[in-house]
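Dear colleague,

I am passing on a structure for your review. Please find it below, followed by an account of what was found in it.

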Amino acid sequence: MNRIDTLLAAMTLEEKIGQLTMATAGYAITGPVLGGDVTDGIKAGTIGSLLNVWGAEASRTIQALAVENSRLKVPLFFGFDVVHGHRTVFPIPLAEAAAFDPVLWEETARASAEEAAADGLHMTFAPMIDIARDPRWGRIAEGPGEDPWVGARMAEAKVRGFQGADLADTTRVCATAKHFCGYGAAIAGRDYASAEISLQTLHEVYLPPFAAAVKAGVGAVMPAFHDIGGVPLTAHIPLLRDWLRGEVGFEGVLVSDYNAIAELIKHGVAGTLAEAAALALNAGVDIDMMATAYSRGLPEALERGLTDMAHIDASVRRVLGLKERLGLFDDPYARCAPRVDAEGDRARRLLARKAASRSVVLLSNPAKILPLPSRLHRLAVVGPLADSRADMRGPWSAAGLPDDPVSVVEGLRDLLPADSIAFAPGIDLMGKDLSGEEAALDLCRAAEAVVLCLGEAATMSGEANCRADPGLPGQQRAFAEKVFDLGVPVIVVLFSGRPLILPWLIERADAVLAAWFPGCEAGPAIAEVLLGLSDPGGRLPVSWPRHVGQVPLFFGARSGGRPENPEDHYTSKYMDMPNTPQFPFGHGLSYGDFALEALTVGPDEVSADGVIEVTVSLINKGGRPGLGCVFLFIHDPVASVARPLLELKGVLRAEVEAGGRCELRWSLPVADLAFLGADLTPRIEAGVIEIAVGRSADPEGLLRRSVRILTPRHQG
C-alpha cells in the first residue's frame, strides 16, 4: 500500500475526522496563542490543520506537536488570508484588476507566496474570484471586478503565482479559489445574503473564473457562505459535487468558510449539527473550518445513516493527498526555517510600487492640470487620508504592519523640496473632529494647487463592510466643497475599496485619481503619477455609477425588447438621469493622447474551427509618452439565446512614445465565441458577429467590423 492507504487503514474514526477539522490560533504580540483544547487536539490527532498561524518559529513549535506527539505523526498544514500580499502589502485585488496585466498579477502572487512560505504557511485563502457588479458589497474590494473574462485570467495568473509548478517547492503555497460561487450577487449588496441568479447567468458570469482556476491546477476551493435559490453553497450537491468535481474535474480539497457548516442550521436546511455535517460532507466539503461540526456531528450522522464512511474516507484521502503534494510527509519543517532575504524584500517593495502605479486610474483631468509641474512653489496636501499609513493597506492585510506603508504626503516630500509642501489633514476621516479645518483651508488659499485626499477607511471595505450609500463618510463632502470654493486648482485622490458615487465631486474637481487602497508603496506610486514620473496605468475593472439607484450596473447587459430611446417614452430608461455610468468599464486617462485607427478584421467568412485576426493602430497624438490599453469585444446580434451587448475577449496594453504609433493584434479562435444555449451546452451558431475595439466599453468610442461565422452545414 502507498502512504495514504497505509494511514487510512491505521486511523480511528476520530483521527479521520481530525484530518477534516481546521481550528484556529489566536495571535498576540508575542506570537500564536493555542488554547488547551487545540493543543490537546493536535497531540491526539483530532485536528488536521490550523489557520491564523504565521511565523517560522511559531509554525515549527506547533508542527512539532503533531509530528512528534501524535500517534500517527501526520503533519499539520497552516492556512492564512494572504489576499493581496503578506508582509509586503500590494494593492487590493480590485485595484490590481485595474492594471489588466496577468503578468503583474502572477508576479505579486509569487512574491506573496515567497513571504508566506517563509513564515511557515502552506495555504492561502486566495484568490477571491467572485464577479461583483454592486459597489455596495464590501467584498468587491477583494476580487477582479465585473467581468468573467477578467476574472478567469486573474484566477489563472494568481494560481500560477501562488503555486508555481510544484506545490512541494518550499517557496510556494496552495491557492484556494473562493468563494464558490455567485457570492458577489448578494441581494441588495449585503454580505451573507441570498443570491437569486438565473442558471444562464450563473454559468456565463459566475462560474467561468472557477473553471479557469481548476484548469490552472488550483489545490483548494472554498464554498461561499450564501445560498442560491434556497440551497446554501456549503451543501450544494449540484454545484459542488456534480459541476465542480464532476463536470470540471476538480480533484483538490474543498474547505468550508469560517463556521459555515454550522450555519446551515441558521440557513434553515439542517435542524442539528449532525444534519449540517452530513449535508456538507455529502456535497464534498472536505475540511470544516472552525465550526466543530464534523468533530461533534459526524459520529451521530454515521449512526443515523445520514452519511457513510465512504464519504469520510474520500475526504480524508483528499486532505492527505494535499499534504503529500505540499511535501509535508517528507519534511514537515521545510517551511519553518527563519530566513533573511534583504534583497528579496527590496525587490518586493519595488514590485509593490509598480503594482500601485499600474493600478491608479485617472478618472478625470479636464483642464490638463496633471501632471503637476515639478517646480511648484507651494503645494497644499490636505484631507484625512493624506498622511494615513494604516489605511493604505486596505482590508485583509493581516500580516502587514500598520506603520509600514508610505503615505501620500511622505511620498511627495521625497520628490519635491520640503518647503514647497504644506500639509494639514483638516478633518478626521469620519468628520467628528473639525478643529483643524480652518488651518487646512488657510494652507489651500496660499497654494498654487491642492492635493485633496479623501475616501473610505480601510475598515469600510471587505467582509461584512457593505454600504447602502457608497459616498464619502462623515463631513468630507462639506470640507471638500469648502476647498473647491477657494478657486485654487484641486486634484482629488480617492481611496476606497469600491467605486464611490460622487458626481458632484467629479464635476467640481480639476482632476480625480482613483487610487483604491494601493498598499505599502502608496505614497511613492501616487507621487510619481501626480508629477508625471509614471503614467497612470489603471483602467476601471468595474462600471462607475452616477447614482446608487443604477446598481447593479455593468457593460455586459442584454438589450431587451425596448432598449433605451430618448425619443420613445416606453423604452428602458430612467426619468431622472441617464442609463450610462459616470465612467464606463475600461475607462482611464493617460498623459498621452491616444486614438485608435485602421481596424481590420479578417477573414470576412470563417469556419467554426477557424481563427479571426484583428488588428488596430494605437496612436499617441500627445506630447508625452503614455500607456495605452485597448479592449477587444464581440457582439452576436442574432442568436438562439439573446447575447450581451458587449462581451470582452481580450485586452492589450502598450507604451507608446509621443507622436508614436503601435499596431496591436489579436488572434481570436472562433471556438472562443461559443456561448451556452438554453440547455447550457456550448454552441457556435452561423451568422454575423460584430467585432468591436475600443479604449473602454463606451459604445460611442468603439470601432466596429463584422465577420460571418459558417457552421459546417453552411460551408461550401
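**Two cis peptide bonds and the loop of Pro371**

Pro371 sits in the loop that connects strand 13 (361-364) with strand 14 (379-382). The peptide bond between Leu370 and Pro371 is cis, with omega at about 0°. Please bear in mind throughout that this is a predicted model.

Lys368 is also placed in the loop between strand 13 and strand 14. Its backbone deserves attention, as Lys368 has a positive phi of about 55° although it is not a glycine. With a relative accessibility of 65%, against a threshold of over 50%, Lys368 counts as exposed.

A further cis peptide bond runs from Ala126 to Pro127, where omega is near 10°. Pro127 belongs to the loop between strand 6 (123-124) and helix 7.

**Overall form**

The protein contains 20 helices and 28 strands. Its radius of gyration is 26 Å, which agrees with the value near 27 Å that a compact globule of 716 residues would have. Along the principal axes, the C-alpha atoms fill a box of roughly 75 × 75 × 45 Å.

Of the 716 residues, 61% are buried. The protein exposes about 26,700 Å², and carbon and sulfur atoms supply 51% of that area. Considering contacts between residues at least 6 apart in sequence, 77% join residues at least 24 apart. As to charge, there are 66 positive and 89 negative side chains, and the centres of these two sets lie 1 Å apart.

**Domains**

The domain assignment gives domain 1 (3-326), domain 2 (354-550) and domain 3 (594-709). Between domain 1 and domain 2, the C-alpha centres are 35 Å apart. The contact involves 40 residues from domain 1 and 42 residues from domain 2.

Helix 9 spans residues 208-215, and its buried residues include Pro209, Phe210, Ala212, Ala213 and Val214. Which elements cover these buried residues of helix 9? Among them are helix 7 (148-163), strand 7 (176-180), helix 8 (199-206) and helix 10 (237-247). After helix 9 comes Gly217, whose phi is positive, near 95°.

**Individual buried residues**

Ala97 lies in helix 5 (residues 93-97). Its relative accessibility is 0%, so Ala97 counts as buried, the limit being under 20%. Leaving out residues up to four places away in sequence, Ala97 touches Trp105, Gly143, Pro144, Met154 and Pro541. How far apart are the C-alpha atoms of Ala97 and Arg539? They are separated by 8.5 Å, while the two residues are 442 residues apart along the chain.

Val74 is found in the loop between helix 4 (56-67) and strand 5 (77-80). Is Val74 buried or exposed? At 9% relative accessibility, Val74 counts as buried. Apart from neighbours within four places in sequence, Val74 is in contact with Leu7, Met11, Gln19, Ala66, Val67, Leu320, Lys323 and Phe329. The C-alpha atoms of Val74 and Glu437 are separated by 60 Å, and these residues are 363 residues apart along the chain.

Val483 is part of helix 18 (residues 476-485). Val483 is buried, its relative accessible area being 1%. Setting aside neighbours within four places in sequence, its contacts are Leu441, Cys444, Val450, Leu452 and Val490.

Trp516 occupies the loop between strand 18 (511-514) and helix 20 (522-530). Its phi is near 55°, a positive value in a residue other than glycine. Trp516 has a relative accessible area of 0% and is buried, whereas Lys368, for which phi is also positive, counts as exposed.

**Points to view**

With kind regards

Conventions
Residues numbered from 1 in each chain as written. Predicted model: local features only at pLDDT ≥ 70, side-chain atom pairs only at ≥ 80, totals over all residues. Heavy atoms only, no water. Helix = DSSP H or I, 4+ residues; strand = E, 2+ residues; numbered from the N terminus. Rg over C-alpha atoms; globule rule 2.2 N^0.38 Å. Buried < 20%, exposed > 50% of the residue type's maximum accessible area, 1.4 Å probe, protein only. Contact = heavy atoms within 4.5 Å. Areas by Shrake-Rupley, 256 points an atom, 1.4 Å probe, with all protein chains shown as cover. Lys, Arg positive; Asp, Glu negative; His and termini not counted. Charge placed at Lys NZ, Arg CZ, Asp CG, Glu CD. Domains from an automatic or database assignment.
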